[in-house]
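Thanks, everyone. Please have the viewer open.

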Amino acid sequence: MGVLGFVFYTSASAHPFFKAMYRIVPVVLLCYFIPALFNTTGLISGADSQLYFVASRYLLPTSLVLLTLSIDLKSISRLGPKALIMFLTGTFGIIIGGPVALYIVAQFYPEVLGGVGADETWRGLATIAGSWIGGSANQTAMLELFGASPTLFSQMIAVDVIVANLWMAFLLYWAGKPGFFDRILKADTSAITALKEKVEAHQKSNLKIPSLQDTMTILGLGFFITGCSHFFGDYLGGFIGENFPELKPYSLDSTFFWLVILATTGGLLLSFTRWRKLEGVGASRIGSALLYVLVATIGMQMDLGAVLDNPVFFLVGIIWMAFHILFMLMVAFIIKAPFFYVAIGSQANVGGAASAPIVASAFHPALAPVGVLLAVLGYGVGTYGAYICGILLQLAFGG
């Protein structure tokens with residue numbers, strides 16, 4: 001919170017140094033990278049801290065409730081099918097990109113094809129595919145399915161986290177100025193602009209100075225829905241896992257899956273009631289504050305020094321991600337999709353429900369639910385897409 005307070009305070013400073021710095025570096029990027037530098041230098045320990053768990057399990061769902069409280073579903077539906085097309089493009093790019101990256105790197109560093117049995121590189125890369133298409137539940141499924149060794153798996157987690165987070169950092173940087181890519185892609189951004197303007201108009205029409213009662217009501221409502229989501233999510237995840245094991249490939253036995261679904265649904269249901277007026281006293285502002293805490297705790301998980309441990313694996317990961325990105329930009333150019341769809345379609349795959357809303361809200365808080373909905377879709381297709389990628393990786397490996 002000290003880092004977040006410092007960044008936001010200095011971002012409003014009239015000092016020439018800070019004014020020049022924030023013209024180049026977005027606020028959200030610093031909120032993300034400063035904790036990463038603290039973790040890398042050993043000043044803090046993201047691995048030992050429980051802050052990410054608390055933020056992702058309690059602050060994230062509460063922020064989703066508050067950010068969706070005033071959402072206009074009709075306006076979101078007008079965004080059209082391009083967001084879904086870009087999400088599926090991102091999925092396909094990851095499925096194909098893994099084998100392509102492994103094949104390319106093997107031409108220059110044949111040792112990447114080394115390893116015997118559980119230490120074969122492709123087995124570890126398949127777990128990254130599970131994470132980058134779905135999430136941790138899908139990653140675990142690939143670990144069980146393809147049987148990577150614990151040592152190899154830990155190395156792949158480092159590749160997964162650092163490469164994915166560097167890409168997220170890039171998206172956060174450009175989220176504040178998407179016009180550059182929109183001009184290149186010749187994109188039609190009218191639907192996104194209309195949604196943002198409608199939300200802002202609603203906020204202004206209901207705006208009033210919040211009292212302590214208003215703030216406590218907002219927090220109480222948000223955390224109450226989160227508590228209910230935990231209660232029913234734990235029950236649903238356990239019940240499905242015990243009685244319907246065939247649904248596990250869809251991550252329907254994951255309590256985190258249900259937590260995100262139920263919290264988002266709770267916020268959407270409240271948007272049809274008088275509680276919608278809480279937006280006028282800062283519901284989305286408080287939701288955004290909680291989301292920034294999550295941004296900082298995600299940054300805490302990064303260890304930039306881990307790149308030096310297995311540089312060849314990181315080279316595979318970087319080429320893999322580059323293929324995914326270039327493929328998405330190519331399709332976006334063809335269908336004239338805005339850069340927002342590229343960013344959120346990619347992050348819904350690579351980042352999942354924890355970070356897709358962060359990137360979406362970096363464009364505008366009103367767009368956060370779009371990130372959630374696509375990320376939830378990723379849980380459903382993650383296991384199947386990662387399995388196909390795993391088989392292709394095995395073929396590229398020569399097995």
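Start with helices H4 and H13. They pack at an angle of about 25°, and their axes are 7 Å apart. Keep in mind that this is a predicted model. Angles under 35 degrees count as roughly parallel, so H4 and H13 are roughly parallel to each other. The crossing of H4 past H13 is right-handed.

Who makes the contact? On the H4 side, Ser 56, Arg 57, Leu 60, Pro 61, Leu 64, Val 65 and Thr 68. On the H13 side, the residues include Phe 256, Leu 259, Val 260, Ala 263 and Thr 264. Gly 267, Leu 268 and Leu 270 of H13 take part too. By type, the contact of H4 with H13 has 10 nonpolar residues, 4 polar and 1 charged.

Next, helix H12, residues 212-243. At 1.5 Å a residue, its 32 residues should span 46 Å; the end C-alpha atoms are 46 Å apart, so the two agree.

Which residues of H12 are buried? Among them are Asp 214, Ile 218, Leu 221, Gly 222 and Ile 225. Further along H12, His 230, Gly 233, Gly 237 and Ile 240 are buried as well. The cover over the buried residues of H12 includes H4 (51-68), H13 (255-270) and H14 (283-299).

Last, Leu 84, in helix H6, residues 82-108. Leu 84 is partly exposed, at a relative accessible area of 42%. Leaving out residues up to four places away in sequence, Leu 84 touches Leu 374 and Leu 377. Leu 84 and Ile 344 are 260 residues apart in sequence, yet 9.8 Å apart in space, C-alpha to C-alpha.

Technical notes
Residues are numbered from 1 along each chain as its sequence is written. This is a predicted model: local features need pLDDT of at least 70, side-chain atom pairs count only at pLDDT 80 or more; totals for chains, interfaces and linings use all residues. Side-chain values use heavy atoms; hydrogens and water are left out. Helices (H or I, at least four residues) and strands (E, at least two) are DSSP runs, numbered from the N terminus. The expected span of a helix is 1.5 Å times one less than its number of residues. Buried means under 20% relative accessible area, exposed over 50%, partly exposed in between (1.4 Å probe, protein chains only). Contact means heavy atoms within 4.5 Å. Axes are lines fitted to C-alpha atoms, for helices over the stretch in contact, and angles run from 0 to 180 degrees between N-to-C directions. Angles under 35 degrees count as roughly parallel, over 145 as roughly antiparallel, 65 to 115 as roughly perpendicular and the rest as oblique. A crossing is left-handed if the near helix is turned anticlockwise from the far one by less than a right angle, and right-handed if clockwise. Ala, Val, Leu, Ile, Met, Phe, Trp, Tyr, Cys and Pro count as nonpolar, Asp, Glu, Lys and Arg as charged, and the others, Gly among them, as polar.
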